[in-house]
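Here is a walk through a two-chain model, one contact at a time. Keep the structure open and follow the residues as they are named.

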Amino acid sequence: MHARADTAASWPEEIFSILQRFEVRQVPYVPDAGHSELIERVLGSSSMRGIALTTEEEGVALLAGAWAGGQRGVLLMQSSGVGNCINMLSLVQIFRLPFLTLVTMRGEWGEFNPWQVPMGSNTQGTLELAGIKVLRASRPDEVREVVEAGAAQAYNACTPTAVLLSQRLIGAKVFTK
Amino acid sequence: MSKANLLDRRAVVSELLRDRKGAFAIGGLGASTYDIAAAGDHDRNFYLWGGMGGAVMIGLGLALAQPTLPVVVITGDGEMLMGMGSLATVALQQPKNLSIIVLDNEAYGETGGQASHTGGAADLVGVAKACGIADSRAISTMAEVEAFASSLQDVTAGPRFASAKIDGANLERVLSSRDGTYIVNRIRGSIGHTPI
């Protein structure tokens, strides 16, 4: 269960519309609570294909193949998954991919589980070291413009981009006995 | 080291690509990329010089994007072992036009021939089958290679997986382009996509 921030509009729905507008076709994901609404929306969509992965780096390679075949994609993952991608992210530079990933954050803002903190603290730095531009959305009312800017620079300018969706936005995971 | 009754890797790959028609061919990091280059450069060759473990997933992304064209991933046992979960991902998507063949010499040829898990207990055909790729077969003759080569043209019956035990001899490297952007843009160009 997540204690969600009070939102009037549904930001996952806004993300879905942006992905539709940019003609995204392949949506690899690793199941994740923060992305659950968006994943459901993608799986119910006729124009996008949700592709469940066993590990996040599969998604980087998948998007390279998708691009070679003429389709755009977006990788949905959690901050812990970014660490799994490091070597495969070399493909993003090597192929000059229009790479976009949306990363839900753990290990910050009210985290309960110390095991999430090391990777969560290093997510942005890891992505930047891999040559990925990092944008962040922390409030529901800024998700739309941040994701739109990220998609535009990734797909139009071939500038690999990660959008971090803050734990403050998603809500810290609540652990109860 | 050469052993009798094992297939020659270059003969296998050249047979797979001999009458490829519109097929895309994706090599794994290392010798399988040299084998694809040795069979002849082609606009739809996707050579990998890195990203170990990613060959099958690149094939899946391409196969889903171009469902009417055959896509064949030709990789080695070491590369396949690193991306074994991708077989489960492929099985979930059931891309009808994707074929995967592992050239299995039971060794890491690129790094000095250290033994791989397939020389011990690991059975990649069993793994692929258990992941849900129903058409998973072991290949040990050139006749079976020929049959696999013609089946990969059938884009309504995949995904399919094969593992061919090959001779472990180190062959001369045939070097392809290492410029990834060129390789990918050339593939995109071959299906009518202009550069951005």
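Start in chain B, where B:R9, B:R10, B:V13 and B:L17 of α1(B) meet B:A31, B:S32, B:Y34, B:D35, B:I36 and B:A38 of α2(B). Sorted by class, this contact has 6 nonpolar, 1 polar and 3 charged residues. Bear in mind throughout that the model is predicted. Helix α1 of chain B runs over residues 9-18, and helix α2 of chain B over residues 31-38. Their axes come within 9 Å and cross at roughly 55°. α1(B) and α2(B) are therefore oblique to each other. Their crossing is right-handed.

Now turn to chain A and its own α1 and α2. Helix α1 covers residues 11-21 of chain A, and helix α2 covers residues 36-43. Here the axes come within 8 Å, and the crossing angle is roughly 40°. So α1(A) is oblique to α2(A). α1(A) passes α2(A) in a right-handed crossing. On the α1(A) side, the contact is made by A:P12, A:E13, A:I15, A:F16 and A:L19. On the α2(A) side, A:E37, A:L38, A:R41 and A:V42 take part. The residues of this contact divide into 6 nonpolar, no polar and 3 charged.

Next, the interface. How much area do chain A and chain B bury between them? The figure is about 2200 Å², with 64% of it on carbon and sulfur atoms. The contact takes 26 residues from chain A and 28 residues from chain B. Three residues of chain A stand out: A:W67, A:A68 and A:F95 supply 24% of the area that chain A buries against chain B. That is more than any other three residues supply.

One helix pair spans the two chains. It joins helix α3 of chain A, residues 56-68, with helix α3 of chain B, residues 55-65. The axes of these helices come within 6 Å and cross at roughly 40°. From α3(A), the contact uses A:E58, A:A61, A:L62, A:A64, A:G65, A:A66 and A:A68. From α3(B), it uses B:M57, B:I58, B:L60, B:G61, B:L62 and B:A65. By class, there are 10 nonpolar, 2 polar and 1 charged residues in this contact.

The unreviewed UniProt entry annotates residues 46-65 of chain B as "transmembrane region". In the model, this span is 55% helix and 5% strand. Its end C-alpha atoms lie 15 Å apart. UniProt, again in an unreviewed entry, also gives "domain: Thiamine pyrophosphate enzyme TPP-binding" for residues 47-146 of chain B. Over those residues the chain is 39% helix and 22% strand. The end C-alpha atoms of that stretch are 23 Å apart.

Move on along chain B to B:I191. Where is it placed? B:I191 sits in the segment after α8 (180-190) of chain B. Which residues does B:I191 touch, not counting residues up to four places away in sequence? In chain A, they are A:A68, A:G69 and A:G70. In chain B, they are B:F24, B:R44, B:Q66 and B:L69. One of these, A:A68, was also named in the α3(A) contact with α3(B). For a distance within chain B, take B:I191 and B:A130: their C-alpha atoms are separated by 34 Å, at 61 residues apart along the chain.

Finish with the backbone. Most residues other than glycine have a negative phi, and most peptide bonds are trans. A cis peptide bond joins B:G158 and B:P159, with omega about 0°. B:P159 is found in the loop between α7 (142-151) and β8 (160-165) of chain B. A:W109 is not a glycine, yet its phi is positive, at about 45°. A:W109 lies in the loop between β5 (100-104) and α6 (117-129) of chain A. B:E106, also not a glycine, has a positive phi of about 60°. B:E106 belongs to the loop between β4 (98-104) and β5 (107-108) of chain B.

Key
Residues numbered from 1 in each chain as written. Chains lettered and ligands numbered in written order. Predicted model: local features only at pLDDT ≥ 70, side-chain atom pairs only at ≥ 80, totals over all residues. Heavy atoms only, no water. UniProt positions renumbered as here; feature names shortened; annotations may be inferred. Helix = DSSP H or I, 4+ residues; strand = E, 2+ residues; numbered from the N terminus. Axes fitted to C-alpha atoms, helices over the stretch in contact; angles between N-to-C directions. Contact = heavy atoms within 4.5 Å. Nonpolar A, V, L, I, M, F, W, Y, C, P; charged D, E, K, R; others polar. Buried area = accessible area lost by both parts, 1.4 Å probe. Parallel < 35°, antiparallel > 145°, perpendicular 65-115°, else oblique. Left-handed = near helix turned anticlockwise from the far one by under 90°.
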